[in-house]
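Biologist: Please show me the model, and let us then discuss its contacts and surface in turn.

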Amino acid sequence: MNRQGHIGLAILAGSAVLYVTPALSILPAAVLIAAAGIGGLLPDLDHKTSTVSNKLQFSARTRKKLKGLSALSLGMGILWFFLQQPMPWLWAAAGLILALASRLRMLLLSGLGLLLLAGYEWYSLHWLTLFAGVALLVMPFVKHRGIIHSPEFAGALSLGVVSLTATQPFLFQALGLGLLAGWWSHLAGDAVTVEGIRSVLLPRLKVALNLLRNGGAAERWIARSCWLCSIAFWLMIFY
């Protein structure tokens with residue numbers, strides 16, 4: 001599924017969860033729905049050009065320019081060094097910065113992963129912190145619809161989020177429920193396409209129902225139907 005399908009399914013899943021949970025005030029309910037929408041896109045962080053990944057990096061055209069400028073700066077640094085010109089390291093430093101900017105997504109994911117691992121080690125945080133830190137570190141290097149899209153990963157994530165938020169205020173519980181609703185809806189949406197999703201423990205086990213094509217008319221109608229059903233849920237909940 002593409003963005004519109006995943007968001008529609010995620011909002012519907014969050015609305016359904018909201019419908020069956022005890023009555024929540026407007027703020028926790030809004031947090032749950034918003035978190036579901038975000039959770040519906042998060043699994044695609046393992047795709048280099050997905051909607052959520054593109055929020056963490058420059059456009060493809062800009063990244064290409066940055067790589068070219070990086071190579072040029074490094075070349076100038078080498079030339080300056082052999083010509084014995086002053087401060088050739090400035091060119092090399094500029095080349096390194098440009099190279100990092102061209103891989104901003106990997107830099108941000110890895111940096112956040114390291115911060116979570118450090119927090120787990122130094123402050124004895126919940127084991128979900130360790131799990132999320134490792135996941136973010138490997139995210140730039142795993143294949144799309146691999147381990148991050150597996151039901152085993154979603155199951156471990158669910159256990160961690162539920163155990164972490166169980167004793168927290170309603171607002172944090174709503175945030176966790178919304179993220180999980182969106183995450184599982186993403187897997188359900190991918191399972192009905194030709195690519196499907198796979199198990200990590202049983203690689204030959206694949207769910208690919210091939211019921212719709214990514215970005216096709218069927219997906220657009222599903223997204224619209226999900227929004228209509230979500231609105232119906234909201235009306236039943238609040239009125």
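**Salt bridge, helix packing and surface**

Modeller: Asp190 and Arg145 are joined by a salt bridge, with 3.1 Å between their closest N and O atoms; the term denotes a side-chain nitrogen of Lys or Arg within 4 Å of a carboxyl oxygen of Asp or Glu. The model is predicted, so to speak of local features requires pLDDT of at least 70, side-chain atom pairs count only at pLDDT 80 or more, and totals for chains, interfaces and linings use all residues. Residues are numbered from 1 along each chain as its sequence is written, and side-chain values use heavy atoms, leaving out hydrogens and water.

Biologist: How many residues apart are Asp190 and Arg145?

Modeller: Asp190 belongs to helix α9 (residues 170–191), whereas Arg145 lies in the loop between α7 and α8. Helices here are DSSP runs (H or I, at least four residues) and strands likewise (E, at least two), numbered from the N terminus. The pair links distant parts of the chain, with a separation of 45 residues.

Biologist: At what angle do the axes of α7 and α8 cross?

Modeller: Axes are lines fitted to C-alpha atoms, for helices over the stretch in contact, and angles run from 0 to 180 degrees between N-to-C directions. The axes of α7 (residues 127–138) and α8 (residues 151–165) come within 9 Å, and their crossing angle is roughly 145°.

Biologist: How many residues of the contact of α7 with α8 are nonpolar?

Modeller: Contact means heavy atoms within 4.5 Å. On α7 the contributors are Trp127, Leu128, Phe131 and Ala135, while those on α8 include Phe153, Leu157 and Gly160. No charged residue takes part and two are polar; Ala, Val, Leu, Ile, Met, Phe, Trp, Tyr, Cys and Pro count as nonpolar, Asp, Glu, Lys and Arg as charged, and the others, Gly among them, as polar. The number of nonpolar residues is ten.

Biologist: Which helix gives the largest share of the nonpolar patch?

Modeller: The surface patch is formed by Ile26, Leu228, Ile231, Leu235, Phe238 and Tyr239. Leu228 is placed in α10. The largest share, four residues, comes from helix α10.

Methods. Patches are made of residues with over 30% relative accessible area and no salt bridge: like charges are joined within 9 Å, nonpolar side chains (Val, Leu, Ile, Met, Phe, Trp, Tyr) within 5 Å. Accessible areas come from the Shrake-Rupley method with a 1.4 Å probe; for residues, only the protein chains shown count as cover.
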